[in-house]
Each structure stands twice: as C-alpha cells, then as structure tokens.
Amino acid sequence: MMNYARYTTYESVKDLSTLQLDHLDDDDSNSIGALLFHIASIEFFYRTWTFEDRDLNLEEKQFWDPGIKLGELGREHVKGKDLAYYLDLLTVERSKTLECFRGREDSWLDIEKPLNHKPSNHYFHWFHVFEDELNHRGQIRLLRKKRRRAGILEEGSRES
C-alpha cells in the first residue's frame with residue numbers, strides 16, 4: 001500500500017517544472033515542492049523515531065524542519081529545486097524505510113509508544129505516515145486542478 005501511494009504521488013507531480021513546484025497561491029500556502037519535501041520529512045522523522053528510537057539531532061533538524069513544520073519556514077527554505085530532487089529524496093527515504101521494515105517482525109508494529117502523550121503504537125505511527133502522504137497527494141491534485149482552471153502554471157497557460 002505504501003508503494004502504491006508513493007506511485008500515485010509520483011503521478012500527481014509528473015512533468016512539473018521548478019516554477020510550478022515553487023508556486024505559492026497566496027502568502028499562507030505551501031508550494032507543491034514543499035508538500036513533497038514534507039512527505040519525505042515526515043517519513044524520515046518517523047523512521048528515526050520508531051526504528052532508531054531517537055529524536056532528530058541538530059544537523060537532521062536543520063535539514064528536515066522546513067519540511068516537517070512547513071509554513072513560513074518551508075516557504076523560506078524549500079524552493080528552487082527541480083522535480084528530480086524531490087523524487088530522488090522520496091525514493092531514497094522510502095528505500096530506507098522498506099529496509100527497516102524488512103528487519104522487523106510484524107509484532108514490532110504492536111509495540112506501544114505514546115504519541116502526543118496519548119496511547120499509540122508503531123502500527124498507528126506508520127498509518128499516520130501513510131495517511132499524511134495521501135492527504136498531501138490529494139492537496140497537490142487539488143492545487144493542480146485549481147491552477148489549471150485559473151490558467152496558472154499548467155501546459156499552454158500563462159505564468160504568474
């Protein structure tokens with residue numbers, strides 16, 4: 001399921017230019033590039049937190065926080081990259097995650113680990129990673145549809 005979700009994410013951004021990836025609809029929005037970076041960031045965070053049982057170190061936070069937090073931090077730091085950059089990042093992170101899963105028994109998913117001071121387990125944590133990607137993939141599709149209708153940043157349309 002994770003691989004299928006990733007495939008549909010890749011399909012949702014196929015052929016986007018750097019300009020299209022960086023476009024912001026308004027001062028409070030996230031770019032499609034930032035959403036892709038967010039998907040990779042969340043996967044990195046949860047892989048580190050669940051498989052390595054640790055928080056991010058300072059160097060990791062400096063790189064990943066703009067994607068984890070999005071908002072102003074994401075708008076400031078996540079831009080100017082081409083589609084290959086984001087797809088490579090997503091591919092590498094997924095490859096590392098799948099390697100981690102290969103080394104665990106299914107019972108590992110049942111291990112309890114509170115999330116936001118509430119009962120939780122690894123199964124829920126990874127469901128959340130999966131769910132988060134699907135939500136943002138839907139957001140990406142909506143942004144593209146909205147932009148096509150407005151004639152913004154799509155094939156054969158004006159650039160804003």
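Are Phe37 and Trp64 buried or exposed? Phe37 is buried, and Trp64 is buried as well, where buried stands for under 20% relative accessible area, exposed for over 50% and partly exposed for what lies in between, computed with a 1.4 Å probe and protein chains only.

1. Basis of the note. The structure is a predicted model, in which local features need pLDDT of at least 70 and side-chain atom pairs count only at pLDDT 80 or more, while totals for chains, interfaces and linings use all residues. Residues are numbered from 1 along each chain as its sequence is written, and side-chain values use heavy atoms, with hydrogens and water left out.

2. Aromatic pairs. The count comes to 15 aromatic pairs, given that rings of Phe, Tyr and Trp (the six-membered ring of Trp) pair if their centres lie within 6.5 Å, with planes under 30 degrees apart taken as stacked, over 60 as edge-to-face and the rest as tilted. One of them is formed by Phe37 and Trp64, which is a stacked pair because the ring centres are 5.5 Å apart and the planes stand at 20°. This pair links distant parts of the chain, since Phe37 belongs to helix H3 and Trp64 to helix H4, 27 residues apart; helices here are DSSP runs (H or I, at least four residues), numbered from the N terminus.

3. Phe63 and Trp64 form an edge-to-face pair, with 4.8 Å from centre to centre and 90° between the planes. With a relative accessible area of 39%, Phe63 is partly exposed, whereas Trp64, at 5%, is buried. Phe37, Phe44, Phe63 and Trp64 together form one aromatic cluster.

4. Lys61. Helix H4 also holds Lys61, which is partly exposed with a relative accessible area of 39%. The C-alpha atoms of Lys61 and Ser41 are separated by 9.8 Å, and the two residues are 20 residues apart along the chain.

5. Side chains of opposite charge can pair when their charged atoms come close. A search of the whole structure finds 14 salt bridges, a salt bridge being a side-chain nitrogen of Lys or Arg within 4 Å of a carboxyl oxygen of Asp or Glu. One of them joins the side chains of Glu93 and Arg47, at 2.5 Å from N to O. Distant parts of the chain are linked by this pair, with Glu93 in helix H6 and Arg47 in helix H3, 46 residues apart. Both Glu93 and Arg47 are buried.

6. Other salt bridges. Lys14 forms a salt bridge with Glu11, in which the closest N and O atoms are 3.1 Å apart; Lys14 is partly exposed, with a relative accessible area of 43%, and Glu11 is partly exposed, with 35%. Glu72 and Arg75 form a salt bridge whose closest N and O atoms are 3.5 Å apart. Both of these residues lie in helix H5 (residues 71–77), three residues apart, about one turn of the helix. Glu72 counts as exposed at 51% relative accessibility, while Arg75 counts as buried at 16%.

7. Loop residues with positive phi. Asp53 is not a glycine, although its phi is positive at about 55°. Asp53 lies in the loop between helix H3 (32–51) and helix H4 (58–69), and is exposed, with a relative accessible area of 57%. Asn116, likewise not a glycine, has a positive phi of about 55°; Asn116 is placed in the loop between H6 and H7 and counts as exposed at 63% relative accessibility.

8. A negative surface patch. Glu105, Asp106, Asp110 and Glu112 form a negative surface patch. Patches are made of residues with over 30% relative accessible area and no salt bridge, like charges being joined within 9 Å and nonpolar side chains (Val, Leu, Ile, Met, Phe, Trp, Tyr) within 5 Å. Lys and Arg count as positive and Asp and Glu as negative, with His and the chain ends not counted, and the place of a charge is taken as NZ of Lys, CZ of Arg, CG of Asp or CD of Glu. Accessible areas come from the Shrake-Rupley method with a 1.4 Å probe, and for residues only the protein chains shown count as cover.

Note on methods
Helix = DSSP H or I, 4+ residues; strand = E, 2+ residues; numbered from the N terminus.
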